[in-house]
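Here are my notes for your first look at this one. Keep the sequence and the 3D view open while you go through the points.

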Amino acid sequence: KELPERDATLAAAVLQLLHGGQAWLEMRQQWGLSGEDSAEACAWAIRTLLADLHARKGRPLAED
């Protein structure tokens with residue numbers, strides 16, 4: 001909630017992409033990952049993104 005509106009929209013879009021079926025389908029088709037492996041990769045990416053958003057404490061994404 002501390003992020004600038006544009007950054008919050010970008011983060012929400014990436015989270016939705018990772019959580020939705022399209023990312024899993026791409027990982028299966030392009031990389032041959034199983035559903036379990038795709039879930040693990042998406043969960044890792046989501047945790048990483050959320051940790052970064054938390055650590056920046058509202059600092060805009062463009063500052064990195």
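1. Before the contacts come up, a word on terms: contact here means heavy atoms within 4.5 Å. Helices are DSSP runs (H or I, at least four residues), strands are E runs of at least two, and both are numbered from the N terminus. This is a predicted model, where local features need pLDDT of at least 70 and side-chain atom pairs count only at pLDDT 80 or more, while totals for chains, interfaces and linings use all residues. Residues are numbered from 1 along each chain as its sequence is written, and side-chain values use heavy atoms, with hydrogens and water left out.

2. Start with the pairing of two helices. Which residues of α1 meet α3? On the α1 side they are Ala 11, Val 14, Leu 15 and Leu 18. Their partners in α3 are Cys 42, Ala 45, Ile 46, Leu 49, Leu 50 and Leu 53. By class, this contact of α1 with α3 has ten nonpolar residues, with no polar and no charged ones. For the classes, Ala, Val, Leu, Ile, Met, Phe, Trp, Tyr, Cys and Pro count as nonpolar, Asp, Glu, Lys and Arg as charged, and the others, Gly among them, as polar.

3. Now the geometry of that pair. Two packed helices are described by the angle between their axes and the distance between the axes. Helix α1 covers residues 5-19 and helix α3 covers residues 35-56; their axes come within 10 Å and cross at roughly 165 degrees. The axes are lines fitted to C-alpha atoms, for helices over the stretch in contact, and angles run from 0 to 180 degrees between N-to-C directions. So α1 and α3 are roughly antiparallel to each other (under 35 degrees counts as roughly parallel, over 145 as roughly antiparallel, 65 to 115 as roughly perpendicular and the rest as oblique).

4. Leu 10 and Leu 53 are 43 residues apart in sequence, and their C-alpha atoms are 11 Å apart in space.

5. How many salt bridges does the structure hold? There are three, where a salt bridge is a side-chain nitrogen of Lys or Arg within 4 Å of a carboxyl oxygen of Asp or Glu. One joins Asp 7 to Arg 6, at 3.7 Å from N to O. Asp 7 is buried at 5% relative accessibility, whereas Arg 6 is exposed at 61%.

6. Another salt bridge links Asp 52 and Arg 56, with the closest N and O atoms 3.2 Å apart. Both residues lie in helix α3, four residues apart, about one turn of the helix. Is Arg 56 buried or exposed? Arg 56 is buried, with a relative accessible area of 5%, while Asp 52 is partly exposed at 33%. Arg 59 and Glu 63 also form a salt bridge, with 3.7 Å between the closest N and O atoms; Arg 59 is partly exposed at 32% and Glu 63 is exposed at 52%.

7. Have a look at Leu 3, in the segment before α1. Leu 3 is buried, at 17% relative accessible area. Leaving aside neighbours within four places in sequence, Leu 3 is in contact with Ala 8, Leu 53, Arg 56, Gly 58 and Arg 59. The C-alpha atoms of Leu 3 and Gly 35 are separated by 32 Å.

8. Then there's Met 27, in helix α2, which spans residues 21-31. Met 27 counts as buried at 15% relative accessibility. Not counting residues up to four places away, Met 27 touches Gly 32, Leu 33, Ser 38, Ala 41 and Cys 42. Ser 38 belongs to α3 and is buried at 1%.

9. A last stop is Lys 57, in the segment after α3. Phi of Lys 57 is near 50 degrees, a positive value in a residue other than glycine. Lys 57 is exposed, at 61% relative accessibility.

Key: Buried < 20%, exposed > 50% of the residue type's maximum accessible area, 1.4 Å probe, protein only.
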